[in-house]
Amino acid sequence: MPQHPVASARPTPPGLRPTLPTWAVLSPERLGHVQRVAELAASWAESMGVPDSERHRWLRAVWLHDALRDASAEDLERWTPSTPGPVELKHGPAAAARAKADGEVDRGVLDAVRYHSLGLAEWDMVGRMLYAADFLEPGREFDRAARADLARRFPEDTRGVLRAVARRRLAHTVESGWPVLEPTFRFWNSLVATPAPR
Ligand SMILES: [Fe+2]
Ligand SMILES: [Fe+2]
């Protein structure tokens, strides 16, 4: 995987700002993914009428979430010395730790970034939005029509779409024979503990 800083690779349109942190390390393909997540988040923010300050939190989390996705294993380890588990699950915690060192103090933004691969029962709207947008952005090749439909429904049925996304992600984890980590099953249980929206 090519590794290089990409913060200046292409300008971020004004409607999608803020932008990548200067310390981001990700491939051009991954940057395309992050930009599509930002576009989806911005479109949801607009149709849901969220205030600018909240929209800014959403976009900060989006640009941070995969910022270290292509960083070296050594760098990831350096930022997450106490995080157990496979290296693929370290880019979120590493980016959150780096963002915190950089001055990010918003707990909701940091938790959204830190747990974006796993889910978190205690998430506020930033984490929930990012979890869904990361999965529903249109560049992923699988299940395009169903995912596009979920993306369209998110603004009016946030809870139902979030549950559908979590169900698919959890099923994939189980079908792959991977362990279901504690934050993930707690997140799932929190989603099904409340009645489905009418
Ligand atoms: Fe990620
Ligand atoms: Fe992502």
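1. Let me begin with helix α5. The buried residues of α5 pack against α2, α4 (91–101) and α6. They are V109, L110, D111, A112, V113 and R114. Because six of its eight residues are buried, α5 is largely enclosed by the rest of the structure. Here a residue is buried if 20 or more other C-beta atoms lie within 10 Å of its own, exposed if 12 or fewer, and partly exposed in between, with C-beta atoms placed from the backbone. Helices are DSSP runs (H or I, at least four residues), and strands are runs of E of at least two; both are numbered from the N terminus.

2. A word on conventions before going further. This is a predicted model, in which local features need pLDDT of at least 70 and side-chain atom pairs count only at pLDDT 80 or more, while totals for chains, interfaces and linings use all residues. Residues are numbered from 1 along each chain as its sequence is written, and chains are lettered from A and ligands numbered from 1 in the order in which they are written.

3. How do α2 and α5 meet? The axes of α2 (residues 52–65) and α5 (residues 107–114) come within 9 Å and cross at roughly 30°. Axes are lines fitted to C-alpha atoms, for helices over the stretch in contact, and angles run from 0 to 180 degrees between N-to-C directions. The crossing is right-handed, the near helix being turned clockwise from the far one by less than a right angle. On the α2 side the contact is made by R57, R60, A61, L64 and H65, and on the α5 side by G108, V109, A112 and V113. Two residues are in contact if their C-beta atoms, placed from the backbone, lie within 7 Å.

4. Leaving aside neighbours within four places in sequence, L64 is in contact with P21, A95, A99 and V113. L64 and L20 are 44 residues apart along the chain, yet their C-alpha atoms are separated by 6.6 Å.

5. The largest nonpolar core has 51 residues, and those with the most contacts inside it are A41, A61, V62, V113, A132, A133 and V165. Such a core is a set of buried Ala, Val, Leu, Ile, Met, Phe, Trp, Tyr and Cys residues joined through C-beta atoms within 7 Å. In soluble globular proteins, nonpolar side chains tend to be buried together. Not counting residues up to four places away in sequence, A41 touches W58, L59, V62, M129 and A133.

6. A132, in helix α6, has 25 C-beta neighbours inside 10 Å and so counts as buried. Beyond four places in sequence, A132 touches F154, V161, L162 and V165.

7. Helix α1 (residues 28–48) has 21 residues and reaches 30 Å from its first C-alpha to its last, close to the 30 Å expected at 1.5 Å a residue; the expected span is 1.5 Å times one less than the number of residues. Its buried residues are L31, V34, Q35, V37, A38, L40, A41, W44 and A45. What covers them includes α2, α6 (125–136) and α7. After α1 comes G49, whose phi is positive, near 65°.

8. Two backbone details to check by eye. The peptide bond from R17 to P18 is cis, with omega near 10°, and P18 is found in the segment before α1. D143, in the loop between α6 and α7, has a phi near 55°, a positive value in a residue other than glycine. D143 is partly exposed because it has 13 other C-beta atoms within 10 Å.

9. Finally, two other partly exposed positions. D157, in the loop between α7 (144–153) and α8 (158–175), is partly exposed because it has 15 C-beta neighbours inside 10 Å. E77, in helix α3 (residues 73–79), is partly exposed because it has 14 such neighbours inside 10 Å.
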